[in-house]
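This report goes through selected local features of one protein model. Please read it with the sequence and coordinates open.

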Amino acid sequence: MSTDDRRHMGHALTLGRRGLGRCWPNPAVGCVIVNEGRVLGRGWTQPGGRPHAETVALAQAGSGARGATAYVTLEPCAHHGHTPPCAEALIASGIARVVCALGDPDPRVAGRGFALLRAAGVAVDVGTLAGQAREDQAGFLSRITRSRPMVTLKLASSFDGRIATASGESRWITGPAARRAVHGMRMTHDAVMVGGGTARADDPSLDVRGYGAVTQPLRVVLSAGLNLPLDGRLARTAQQVPLWLLHGPGADAAPWQRLGARTFEVPGDGAVDPALALQTLAQAGLTRILCEGGGALAASLLRAGLVDRLIGFTAGLALGAEGRPSLGNLGLAALADGPRFRLHGLRDVGGNVLAEWRLAPQMGAAGQ
């Protein structure tokens, strides 16, 4: 691949990230139209999933698209939905070449977009900055290939791994810069998820604050019995910010439905099964979930191998053995049984340490 191809694809990837958390169930795609070295059109998937990136970029480029190159971060769609296929739009515009980072594993596309372009005489090159694109599309790819969203588990703890004192005091272990960073992370995920224990103990809002008018992520709570406070912040704001509740059989969902929440019954006994919960959320369209606790839900996700990324904020504070641990029981019999992640990044955030850990990649590039 040429230096120019890498540069323009990097531009398209940067644009595509603007859609993260805002365009589910569609992927967050970026597109740049270049003719004779000049950028004539730029686009990214718009909130709600449409218009698509290619449509936005082509509208900007106009007649300049004829003979140009389109840099697209994911294979152009080939199926008729609410809008015509992007592959057909690229062909109709007179685009001469398409440079794409990844194929789309969605069965409705899966190489058909590339085939349409090639059949129309458009040159197609696939694989430019594929690794970066795969990372950006991790949530969409997970939903399509694993039938569950990508899960990021966020924990904020003391140096010795505690999230509260023995009495339950936890505000604030980390500083304001770390809390602002968490709000930024919420914006790049489709939903923020907690367990019923956290919803009862902390009365959280789970919204984004401090960034102006933004598209708010969904709030998701897993609570087998739906024994959540009907006068809490989540209940009071259910009409303004979407609230989804996943519960077990027999729970009375009617009061929450009247408040404006969407409820999902997950089969099983006792606690809500995290794997079934994630399958339910994927079927409803979610691709990226930020789990913010508590310890029992976090442990259940780790036990089941359902965590893809770990975000840890660590404060220079010690709370001792009497403090509340950040994780519940993992039921480990041996050190080798513990889930392991590889370090992806480490930085200072207002005097707290932010560490990001990731599982080794499990998904290969989609078909070309």
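The sections below cover the basis of the values, then strands, a helix, loops and backbone exceptions.

## Basis

The model is predicted, so local features need pLDDT of at least 70 and side-chain atom pairs count only at pLDDT 80 or more, while totals for chains, interfaces and linings use all residues. Residues are numbered from 1 along each chain as its sequence is written, and side-chain values use heavy atoms, with hydrogens and water left out.

Helices (H or I, at least four residues) and strands (E, at least two) are DSSP runs, numbered from the N terminus. Buried means under 20% relative accessible area, exposed means over 50%, and partly exposed lies in between, with a 1.4 Å probe and protein chains only.

Strand E15 (residues 342–349) pairs with strand E16 (residues 352–358) in the antiparallel sense, over 7 bridges; two strands pair if DSSP finds at least two bridges between them. Within this pairing, glycine 345 is placed opposite glutamate 356 of E16. The hairpin has 2 residues between its strands, and glycine 350 there adopts a positive phi near 60 degrees.

Leu343, Leu346, Val353 and Trp357 make up a nonpolar patch on the surface, and together they have about 370 Å² of accessible area. Patches consist of residues with over 30% relative accessible area and no salt bridge, with like charges joined within 9 Å and nonpolar side chains (Val, Leu, Ile, Met, Phe, Trp, Tyr) within 5 Å. A salt bridge is a side-chain nitrogen of Lys or Arg within 4 Å of a carboxyl oxygen of Asp or Glu. The areas come from the Shrake-Rupley method with a 1.4 Å probe, and for residues only the protein chains shown count as cover. At least two residues of the nonpolar patch come from each of E15 and E16. Leucine 343 belongs to strand E15, and its relative accessibility of 45% makes it partly exposed.

In strand E9 (residues 218–222), 5 of 5 residues are buried. In a regular strand the side chains alternate between the two faces of the sheet. Both faces of E9 are covered, with Leu218, Val220 and Leu222 buried on one side and Arg219 and Val221 buried on the other. Strand E8 (residues 191–195) runs parallel to E9 in a pairing of 5 bridges, where glycine 195 faces leucine 222 of E9.

Aspartate 207 sits in the loop between helix H8 (196–202) and E9. Its relative accessibility is 16%, so aspartate 207 counts as buried. Although aspartate 207 and arginine 219 are 12 residues apart along the chain, their C-alpha atoms are separated by 7.5 Å. Not counting residues up to four places away in sequence, aspartate 207 is in contact (heavy atoms within 4.5 Å) with His183, Arg186 and Gln216.

## Helix H4

Helix H4 (residues 112–119) has Gly113, Phe114 and Leu117 buried. Viewed down the axis of H4, the buried residues lie within an arc of 95 degrees, so they line one face of the helix. The arc is that of the directions from the helix axis to the C-beta atoms.

The buried residues of H4 pack against helix H3 (86–93), strand E4 (97–100) and strand E5 (123–126). After H4 comes glycine 121, with a positive phi near 90 degrees.

## Threonine 174

Threonine 174 lies in the loop between strand E7 (162–164) and helix H7 (176–187). Because its relative accessible area is 9%, threonine 174 is buried. Its contacts, leaving aside neighbours within four places in sequence, are Ala156, Arg179, Phe313, Ala315 and Asn352.

## Backbone exceptions

Tryptophan 24 and proline 25 are joined by a cis peptide bond with omega near 5 degrees; proline 25 is in the loop between helix H1 (3–16) and strand E1 (30–35). The bond from glycine 293 to glycine 294 is also cis, with omega near 0 degrees, and glycine 294 is in the loop between strand E12 (288–291) and helix H12 (295–303).

Glutamate 36, which is not a glycine, has a positive phi near 50 degrees. Glutamate 36 is in the loop between E1 and strand E2 (38–44) and is exposed, at 78% relative accessibility. Leucine 129 likewise has a positive phi, of about 55 degrees. Leucine 129 is in the loop between E5 and helix H5 (130–136) and is buried, at 11% relative accessible area.
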